[in-house]
Amino acid sequence: MIQSSETYADLIIPVPLPKLFTYAVPEKLNLECEPGKRAIIQFGKKKIYTGIIKSVHHNKPNYETKDIISIIDNHPIINEIQFKFWDWIAEYYMCTLGEIYKAALPAGLKLESETNIILNNETDFSGISEKEEFIIGILTNENSLTISKIEKETDFNVLPILKKLIDKGIVFAEERLKKSYKPKYEDYISLPDELNDETYLAEVLEILKRAKKQSDLLLCFIYLKKYGSERFNSLKPAESFLKKDVLKHCNSSASHLKTLIDKGFLALQKKEVSRLIAEKYENIEIKNLNAYQKKALKEIKSKFTEKDVVLLHGVTSSGKTEIYIKLIKEQLAEGKQVLYLLPEIALTAQITIRLEKIFGEKLGVYHSKFNDNERVEVWKNLQKGKFQVILGVRSSVFLPFDNLGLIIVDEEHENTYKQYNPAPRYNARDASIILAGLHKAKVLLGTATPSIESYYNAKSGKFALVELLQRYKDISLPEIKIADIKEARRKKQMKSLFAPDMLKGIDEALQNKEQIILFQNRRGFSPYTECETCGYIPKCEHCDVSLTYHKYTNQLICHYCGYSERATKICKACESPAMVTRGFGTQKIEDEIKQFFPDVKIARMDLDSTGSKKAYHKIIYDFENGNTDILIGTQMVSKGLDFDNVALVGIMNADNMLNFPDFRAHERSFQLMAQVSGRAGRKKKQGKVIIQTTDKKHPIIKNVVENNYEAMFMSQSTLRKQYHYPPFFRLIQLSIKHREKNITDLAASKLAEKLTAVFGRRILGPEYPVISRIKNRYIKTILIKIERKLSHKKAKELITASINDVKSNDKFKYVQIIADVDPM
């Protein structure tokens, strides 16, 4: 680097490359250029991106730089603490700042380069193919279109055809910026200044004497402006009103309003409005805490003077949320911000209403079911100080907080806090602890079933521990009963998917006008179909996995890549009409339960039934208000939902959780069964839980029945210490992917060889995972176990060096090697 009088800026660009990119700052942009602002730059020969300015300096790089084209923002959209947080994420989770940029910013804040195709009308169109002629025909009408719009007009791959047309000079390609975020505008009506003069107003009314409806509308608006309206939307006196409110209040037509505007007697203007208009709820007082909750709250506040992180281990229905609300209230009184993290969008639906009743417009909600424009508004409103509390899922850690006082991580044990694909593969629970540290804030981890890592940290003194082991109003924990389906099958007592005790329990709850939750951690109708004649099982064309049968669409679907085909009774292999379903998912339970209880109202809550944010709200609202008798669901129903009238929870198949090939399987099984059991008997009386299993003596099922978290923790900790798993060792998993199996094998072996030379016996693999091919890419994994006392940073540097060494071989140029730190 050479010191220079010219100004340069280092930018983060949304590409997965491990470096910043330096651009020259034109003199005219010097005053505007500062860290955290977005800048439009050219990257490569044609691409145009929006980069984030990370630093400004006078160090001339030893290569020729391009100029920044323009700077978008008047004020930075990323603050200094966010940059520090991004740096930590990139270093710890072995990813690039460009990948974090793509994940952190709502799409509406990212201007992207989109190729625009322009027709050259001065060229000769002779000798073109049918497909080329088709594209030219589309462009003749419009002259220029984006590639994405051309693709919508065709049913073939347009890219190779466009390349040929570009080569022939028939079309040109031009890069232009596509802006995602569009503000929302509404029409507002106001009174022109001159009509505030009573003499002029009298003249206008005289003019309108023969146009009674126009006259009435004008007088109505003047009344509205002065006095407002109690009878309609509680409109308060104001200078302008929404056009639709004026028409509704004054009982007038749009044509009469337009005539008044055209005559200049009323004025129309467009105003930017928020998409985040919350439901208006009457404010309520915070509930009084019981003695146990008060004791827990006092302990939490005391522990916060000693530790930055407190683990609240509170049994289901102990009232943890009320404690959270008290702590939030205290932070707001000090002018601080609060981030309240939830593991599942479904949970936000129920708790949003509770929090809005208390915190009103200070509350912002942020999750993936919001569209891009709504997410941009949450981002901007947080920066403007309109929101003090953010309720959101894992991506909320990237929002532009500038004064965080507290982060609450509810249901901290949930694996949905971990991002899997794409990078950054971060854990929001762990990242939130770092984020809080940057803000000098505190973190409260809450759960009835702590992760083994968090409980270990609390027991070893890294975190503080507070326990709340009594349910609210001293309601007893549910009675848990085991239904031995192995014995029921032997005695031929099973009725479809249900043991006798399960059907009896459902019938009793329905007779008492009570509700039921049935839990099965598998969506779809059936995990797979099989030919009874030859044993053929339909598999995905792109992944090494069987296709799941979805009855309502009559489709066989791959849950990994989305591939689907029509289900048929005819076997593709032997052509006999002998295809049958095997196993069962939530759809099959829904189908079968209707056979036994045809008159009850049933709802299903899984990924297939909750495609939009409103779908969650409707399912939860209907069940909460007694419109649904039986709710069937996957793990979504296990996560902190609070229903008053649930008498029975049925766990349809404990075995598929317990026997999953993963070192966390027993921990997760305990957590899921304990959590879903906690939905029973929460307010009125003791509930009942029935667990169907073929192994009633399994130690984890015994722990669940006895509600003995400590026993589960001790047994699992002993095994993990013996076999070198968390919390005693750190894990890094490397996935090696390529379209050709032999290339995957060679690259994985080469990488394992290099890593073994450095790490020795800490390396496991390479091995094929349970599903060894996804989206036409073969996969092998290498697991690295690193002692906690060793330098994690140094280990990652050595791993990165080994990966780069393998990738430098031309043979492995297109091999994808993905690092997953702390895999879940």
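Colleague: What makes the largest cavity a cavity rather than a pocket, and what is its volume?
Modeller: In this predicted model, the largest cavity has a volume of about 130 Å³. The word cavity applies because a 1.4 Å probe fits at its points but cannot get out, whereas a pocket is an open set of points. A search of the whole structure, with a cut-off of 30 Å³ or more, finds one such cavity.

Colleague: How do you know which residues line the largest cavity, and which are the closest to its centre?
Modeller: A residue counts as lining if it has an atom within 4 Å of a point, and 13 residues line the largest cavity, with H413, E414, N415, R668 and Q671 the closest to its centre. Helix 21, which covers residues 665-677, gives the most to this lining, with four residues.

Colleague: What makes up the lining of the largest cavity by class?
Modeller: The lining has six charged, five polar and two nonpolar residues.

Colleague: How do you know that strand 22 and strand 23 pair, and in which sense?
Modeller: Pairing calls for at least two bridges between two strands, and strand 22 and strand 23 (residues 555-557) have three bridges, in the antiparallel sense, so they count as a pair. Y549 stands opposite L556 in strand 23.

Colleague: Why are strand 22 and strand 24 said to stand at the edges?
Modeller: The open sheet has three strands in the order 22-23-24, with antiparallel pairing. Strand 22 (548-550) and strand 24 (564-566) each have a single partner strand, so one side of each is left without a neighbour in the sheet. Neighbouring strands of this sheet are turned by 30° against each other on average, direction ignored.

Technical notes:
Residues numbered from 1 in each chain as written. Predicted model: local features only at pLDDT ≥ 70, side-chain atom pairs only at ≥ 80, totals over all residues. Heavy atoms only, no water. 1 Å grid on protein atoms, 1.4 Å probe; cavity = no way out; pocket = protein on both sides within 12 Å on 5 of 7 lines; lining within 4 Å. Points joined across faces, edges and corners; volume = space filled by probe spheres on them. Helix = DSSP H or I, 4+ residues; strand = E, 2+ residues; numbered from the N terminus. Nonpolar A, V, L, I, M, F, W, Y, C, P; charged D, E, K, R; others polar. Axes fitted to C-alpha atoms, helices over the stretch in contact; angles between N-to-C directions.
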